[in-house]
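Let us take a walk through a protein chain together, stopping at a few residues along the way. Please keep the sequence and the 3D view open as you read.

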Amino acid sequence: MWSQFCAQPWLGAEAGLCSQGSLSAFPTILKSSHDLRLSQLHPDPTAAAPRLAFPHFSRQGAAGEPMAGPRSILEPGLLAQLMPVLMLLLAWGGAARAAGAEGSVRLAGGLTLGGLFPVHARGAAGRPCGPLKKEQGVHRLEAMLYALDRINADPTLLPGVRLGARLLDTCSRDTYALEQALSFVQALIRGRGDGDEAALRCPGGVPPLRAAPPERVVAVVGASASSVSIMVANVLRLFAIPQISYASTAPELSDSTRFDFFSRVVPPDSYQAQAMVDIVRALGWNYVSTLASEGNYGESGVEAFVQISREAGGVCIAQSIKIPREPKPGEFNKVIRRLMETPNARGIIIFASEDDIRRVLEAAHQANLTGHFLWVGSDSWGAKASPILNLEDVAVGAITILPKRASIDGFDQYFMTRSLENNRRNIWFAEFWEENFNCKLTSSGAQSDDSTRKCTGEERIGRDSGYQQEGKVQFVIDAVYAIAHALHSMHQELCPGHTGLCPAMEPTDGRTLLQYIRAVRFNGSAGTPVMFNENGDAPGRYDIFQYQAANGSAGSGGYQAVGQWAERLQLDVDALQWTGDPQEVPPSQCSLPCRPGERKKMVKGVPCCWHCEACDGYRFQADEFTCEACPGHMRPTRNRTGCRPTPVVRLTWASPWAAPPLLLAALGIVATAAVVAAFIRHNDTPIVRASGRELSYVLLAGIFLVYAITFLMVAEPGAAVCAARRLLLGLGTTLSYSALFTKTNRIYRIFEQGKRSVTPPPFISPTSQLVITFSLTSVQVVGVIVWLGAQPPHSVIDYEEQRTVDPEQARGVLKCDMSDLSLIGCLGYSLLLMVTCTVYAIKARGVPETFNEAKPIGFTMYTTCIIWLAFVPIFFGTAQSAEKIYIQTTTLTVSLSLSASVSLGMLYVPKTYIILFHPEQNVQKRKRSLKATSTVVAPPKGEDTEAPK
């Protein structure tokens, strides 16, 4: 195979080899070198050493002979086997650089630092490099040159030692960056090959072309993208070269078992992801999508965000979309269409490269979705103008995060004074000049394009073009100073009192230098502390920005600081501005928040999506997921977020429902009192005597009690009122119907007995009549007394009686502890007497007119039965009505008063009328003839048998 590597002019300059190389072997070689993990670097002594087989290599010399040079983390035997791989990598890298690379920036010095910067974007159509990146590339590269100038000019930092540099372009591509980074280990590989390289021969015995040995790189600043840093770190660690990145934030790089020589002055994305989760939660979003560029930076960032959001809870991922490393035409339009599959997830968490961010915004603009998506960008977006140039309307409202930084005034002065004359050391500065001033440089003999303005060389940055310091400039400077301070501390300990390098630092041991790097602590270019933890990570400190329109124009807007994050979020929500209502945070939620009184019914498998279900009936919203029933004495509030006491009602004196029964009862009492007064005044008149004075007074007393019960039914329930209701509710009717029953029974028995003999029936005397009446009444009294003893009366609040379907109509009813059935039970005995009395009235309907009370009693009982027959359906038919307490009480009291009024009106009002207004008729009639009287039984003494005239 060596015969294929001979006599190439570029090879001697790069590696001192003679091979152009076969590029087909590179993927296998790259995989083999990438798989050299720490466990492989220290193999089991008893195991066979791993071998990487590459055919057609021919080397002369003692195999396995110890190699000279600086110490490495590789075992000598393994390194000897790895040497052909590294040689081939160098050869392949040199060929690639010859085909498409642009060289490097070199500064001479006693100690050389490497630098990796994305001077160009990733190329398309097979080209390694694309357009120039002015800010992300040139600004950062110049920041390292600026830092080296300041360090070399500082007599207190590394006195007598000048730092040199070799700065390379990664072209924003990890594989290309690996090719470039191989030049950093050339000197180490040459040192390892002493004695063996001398034996190498090309075909025909021609020695390989050789050039001056390359610089020995002691540490590397870079790279920018995490994927590039990971690829480069895998090679640098093999040769114990410390590496400090100024922009790589992938959490994977915190793994000290794999990337033990890697450090960074920016915090890892695990901190950044935590900050972004805090931002999402502070904005009230719970349903977002993630967008990541393929590679370690994007994928690791999104993975950290998803993991932290899952652990914190409250944030769900609608979609996780990955942008391919080599996107096909229309790929970004497809990304936007996928995001619109979940339109409620308006918040987009984006961990992507600057180029991918811009193309996503372009696709959103083309889809006419300006203002729909709410971007939350990582530090790759930061506060840069390039990703949103001419796309400001799509970016309005975007919240971005950037490691806490400050603008370095000294760099601004340095960079704005750079010109083509004083900055010849930067080989890409001429290209930057053309791009920055939109002109064309022409060399002698070249033709200038008439359509492009010719550069004069007198243009000035900041005067003839816009200028804003790139966000990572501070970190580039801090990374260079971190290496310088570590070298200074190392120099003070290894070379005390020595100006310049001493033999102890020639060559510089990378593992020792790494220890000094991890121990540095100084105030950086922005005045903030620079330090590293055990994994080489910097502490997490971020500034939070939002791109806001100015004066209603997105194009004239800019990034405004709205908060910061240092272990916890400090976000000024009032400073945020949004499309539409500037002060109202737009939603990014799978489901809108449920209204008060509605619970969340979760969608299975999607913890941030739910359906809202109203708490109906007497249930209230106990928490966001549960509806619970209010206690029996309470009803839900209007918005159903709690319970409130159910209003308590009763029939009051002022109620419209109480007016008719009270008026009727009052009139009845007055009328009853008038009848009693008339009867007492004319107690010995024939009409009063013919009415049966004793029973009449008993009957009138019962009528009075019936009227009086109305006032007890309206009075506020209490123990005394409830006891009086139990006693008097049935007593008045029982007393009345007992008296009427006794009268009708007496009349019926007299005439039934008269049909058979002239002997009067027993128990028809006034005394007997009273005994019978009070005996019948005593049954009611005894029953009530037993009831009062067994269940003492008290008032209760019945919340079930008016527990309507609509809780707003629900009422608690203050009443006595009498159910509807017990109330009817009180009247049951009276109703039985009423029915019995009616039966006797029917039987006595044929008595002679001489006994003139038989027919009025009959009419009274018929009418009373009709009243009570009407009462029953009205009383029980309104049991479910919201107005039950009023309807039933009014119905009961009116029915009682009507029945009493019927008795009073039919039995006593006519008599009273005659007594008061026709006293001439209140006289004794003459005796009937013997024939007539012989057909009847003579009445007892004291009872008249003839009606008055």
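Two residues are said to touch, or to be in contact, when they have heavy atoms within 4.5 Å. Before we use that idea, a word on the ground rules: this is a predicted model, in which local features need pLDDT of at least 70 and side-chain atom pairs count only at pLDDT 80 or more, while totals for chains, interfaces and linings use all residues. Residues are numbered from 1 along each chain as its sequence is written, and side-chain values use heavy atoms, with hydrogens and water left out.

Our opening stop is S899, which sits in helix α25, covering residues 884–907. Helices (H or I, at least four residues) and strands (E, at least two) are DSSP runs, numbered from the N terminus. Leaving aside residues up to four places away in sequence, S899 touches Y737, T864, I867 and W868. Is S899 buried or exposed? Buried means under 20% relative accessible area, exposed means over 50%, and partly exposed lies in between (1.4 Å probe, protein chains only). S899 has 2% relative accessibility, so it counts as buried.

Now find S736, a serine in helix α21. Its relative accessibility is 4%, and therefore S736 is buried. Which residues does S736 touch, again not counting those up to four places away in sequence? They are L699, G702, I703 and V706.

For a view of a whole helix, turn to α6, made of residues 174–181. This helix is mostly covered, with 7 of its 8 residues buried. The buried residues of α6 are D174, Y176, A177, L178, E179, Q180 and A181.

Next come the disulfides. A disulfide is a covalent bond between the sulfur atoms of two cysteines. Here, the term is used for a pair of cysteine sulfur atoms within 2.5 Å. How many disulfides does a search of the whole structure find? The search finds 9, and we will visit some of them.

Start with C594 and C612, whose disulfide has an S to S distance of 2.1 Å. The link of C594 and C612 is left-handed, with -95° about the S-S bond. C594 lies in the loop between β18 (569–571) and β19 (598–603), whereas C612 is in strand β20 (residues 606–614), so the pair ties together parts that are 18 residues apart in sequence. C594 counts as buried because its relative accessibility is 19%. C612, with a relative accessible area of 36%, is partly exposed.

Move along to C630 and C643, joined by a disulfide with S to S 2.0 Å. The torsion about their S-S bond is about -90°, so this disulfide is left-handed. C630 lies in the loop between β22 (626–629) and β23 (634–636), and C643 in strand β24 (residues 643–645); the pair therefore ties together parts that are 13 residues apart in sequence. At 6% relative accessibility C630 is buried, while C643, at 23%, counts as partly exposed.

C722 and C816 form a disulfide, with sulfur atoms 2.0 Å apart. The torsion about the S-S bond of C722 and C816 is about -90°, so this disulfide is left-handed. The pair links distant parts of the chain: C722 belongs to helix α21 (residues 719–754) and C816 to strand β27 (residues 811–816), 94 residues apart. Both C722 and C816 are buried.
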